[in-house]
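Subject: Structure handover

Hi,

Here is the structure you asked for. My notes on its backbone follow below.

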Amino acid sequence: MEIPYTYKARPDTGLYNAKVGIWLFLASEIMLFGALFSAYILLRVSAPVGFWPDVALAWPRGLLNIPIGTFNTAVLITSSVTVVLAWAALKMNNFARFRVYMVITVLCAFAFLGIKSFEYNDKFSHYVIRLQDGKALTGHIEVDGKHPRFWNFSDQWSVAKLAEQKVAKIKVEMDPERDVHGHVKAHGSHDHEVREVAVSDIVFMGSYTPATHPFFAVYFLITALHGLHVLGGALVLGYFAFPGAKMWKSNPEQFINRIEVGGLFWHFVDLVWIFLFPVVYLL
Amino acid sequence: MQSTASHAHTSATDSSHGHAHHEPGFFSKYIFSTDHKVIGIQYGVSALLFLLFGFFLMLAMRFQLANPGKPVPLVGPLLEKVLGEDMAKAGVMGGDLYNSFGAMHGTIMVFLAIVPVLFGAFGNYVTPLQIGAPDMAFPRLNMASFHAYFLGGVVMIASFFTPGGAARSGWTSYSPLASVTDLVNRFDGQTYWLMGMVLLITSSLLGSVNFIATIIQLRCRGMSWMRMPFFVWAQFVTGFLLLLAFPPLEAAGLMQLMDNLFGSSFFLPQGLVVSGSPLQVSGGGSPLLWQHLFWFLGHPEVYVLILPAIGIVTEVISNNIRKPLWGYKSMVYSVMSIGFLSFIVWAHHMYLTGMGTKVATFFQTTTMMISIPSVIILTALFISLWGGSIRFNSASLFALSFLPMFGIGGLTGLPLGFNASDIFLHDSYYVIGHFHYVVAPGTMFAVFAGIYYWFPKITGRHMNELLGKLHWAGSLFFMNCVFAPMFIQGFKGMSRRMSDGGTTYFGLGVDPGVLKLNNMIFWSAIGLGICQIPFIINFFSSIFMGKRAASDNPWQATTLEWSTPTPPPHGNFLQEPVAYRGPYEYSVPGAKSDFSPQGDKN
């Protein structure tokens, strides 16, 4: 006996096997990301006040780049539309158009990842510094005339490491001033004021990385996990567009199903970002 | 009978026919097989080996508790040689080694032994046969699921040999303890544990998607939902528990990995002091968060451990009482209610964390609610026995003793579910006693019942009844001798965590009698081990020398797995099976025999 309903729908459920499988898988994924979002909420509401040095709030706000995040949202939504168009093109028996839309989808995915890594890079070299007098500074730093880069983990600086390497002064390229809600107070010429800080004045410093604050820990964990989903999805859709497309000749019905299932996953990845963007960037 | 005999015949010619064309090699037949029956056997064999390993860890621990500070006999020098002087100096189990054995005993038993044997082995082998399916819906995912499980097991075992030893923060791996056990070597046993868990969670995800899709899509003609054997229902609900409860633990595991490897503070509060010096982390995290995420898995997991066991027991009992199961529908609705409720009871493990009395009251209420469907199932099984002409073979003896043993396990859970009494009993040996009554004489008896029951289908031979009954009697006696004293120790306030068996508490002359129970438990555990020898002999000798099964349906059972050839060939059924009636039609008035198989038209 062969396994039934591998691509034909079962009459009473109206579904083929893979469609049941992908919905179940997505249910599990919702629980995974749901747990991470819940963790975000719990960490945020229980964060001790005054813990984040920059503002009088427990939870850092306004540190992520909203315009870039918005642009990335648009990129991902575009790819979600094109993946549907690719599937629809197959339904209309137009393979060439399918391939064009699929290629656009995959390109959008890689554009998203590229923009995301640009954001990551910025965070790894961005520092928060608390001084002896209780004031806090945030911005990019320059040590011995060099900007730390994210691909080199030995470029991560701390007070102890600065003292160990006998660095007396560092330069801080200051961020614009913010109010307690994280909004930029004023735009103007002093946006990127560069200030010299004596290492002996620094009580604490840390880059915008998981070790510095749970906000960054949760930000990096959720976005990295989402990024892995984008990557995985892009690889699978790319496979369908080229080497896997041979099935279009041998079994078009099953091939369309594959695109549908891959598309469902892709919509889910998009949906996670639709929640992630407002929760992490805007709120 | 005639039709089953001809089955066997056609199957033999079929397979010889297949041989002539292509003979699958050893690897594709036994390692990279996509056949649900081979995968089921792979799961079963690996899980039983892990079970034995977990049992030996427990024996070493029980020796230490009964004879604190004495070198472990037989294996003591080996422990010192393999694990190093820090762990077992002169063969004496150190505190760290005790803790890591404790953590790994729990982890191995729950994630590598019991769940795989119930869900992976029995589920894989029996579920597709019972619903009349040729295989699982996604055979290659099924294979990947087993491989992920096996790899997870290898990682877990490998962790024993890392510097610093295996994970030693309990099977629950509570943070911050789990994040500070080894501050120098961050790639310690705990990190291995987390990586192993990620693999095991992947395995269970693939498995559960597969099971649910199979049960929804591949039921044969006539196999409506209410004609499914109860075992399939239990697997169906278990599949949902695994699918939805495990991902939060995966999230928590990733967070703890980040805490351990990248210095983040998901679970580390501010101002944490370890061994007298402040921990160099940002802090600001929440230890409660780990507990919530862990128990969100942890509690449904308990039902993953028990529901398939109840499913096996139901199959064995219904077959051996020769009458219809009482209250099949109420059992089905109960198992669904259990599945739903098990997601909202998790924080009853956390009454002592200070999460607040209002929250505790909510979880106390839901915990009491979930006992209702459990009692309905147990009651239905008990009432089914009434008026039956019960056959007392090894399988049915194990299944029958499951009922009172699981009953004890369940009832002793009630005082733990109540907030007020739990505060007294929490973290004592009472908890150990309660939990093990559910899983050891409970689930394990169901596993043994299942092995004796389906052995003739898998191998074509019966297991020896005399050895089976010896195995049953000894196991039943010693199981109770091991776990019943733990209730007394718990009531006396003995903590479950101490590696010296409570000497520091009770050495002051409080109640030495409680300490003496440690001796009794140790010797009973040895006895329990000895009673498994007949089973092991029986298992292996019966594969080759057991009494041949008289037909494809030696137990005269009704469910579809018995209308396949023995053992079922690739693809399972020779012609498309059809379910004509419910699963438990025994002694139907007017029928020609006392059983009416689902697949027989008349």
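In which loop of chain B does B:Pro176 lie? B:Pro176 sits between α6 (139-158) and α7 (177-180). Helices here are DSSP runs of H or I with at least four residues, strands are E runs of at least two, and both are numbered from the N terminus.

Two notes on reading the model. It is a predicted model: local features need pLDDT of at least 70, side-chain atom pairs count only at pLDDT 80 or more, and totals for chains, interfaces and linings use all residues. Residues are numbered from 1 along each chain as its sequence is written, while chains are lettered from A and ligands numbered from 1 in the order in which they are written.

Cis peptide bonds

The bond from B:Ser175 to B:Pro176 is cis. Its omega is near 5°. Another cis bond links B:Thr566 to B:Pro567, with omega about -15°. B:Pro567 falls in the segment after α19 (512-545) of chain B.

Positive phi

A:Lys166 is not a glycine, yet its phi is positive, about 55°. Look for A:Lys166 in chain A, in the loop between α4 (159-164) and β3 (169-174). B:Asn572 also has a positive phi, near 70°, and is a residue other than glycine. B:Asn572 is in the segment after α19 of chain B.

Buried or exposed?

Burial counts other C-beta atoms, placed from the backbone, within 10 Å of a residue's own: 20 or more is buried, 12 or fewer exposed, in between partly exposed. A:Lys166 has 7 such neighbours, so it counts as exposed. B:Asn572 has 21, so it counts as buried.

Best wishes
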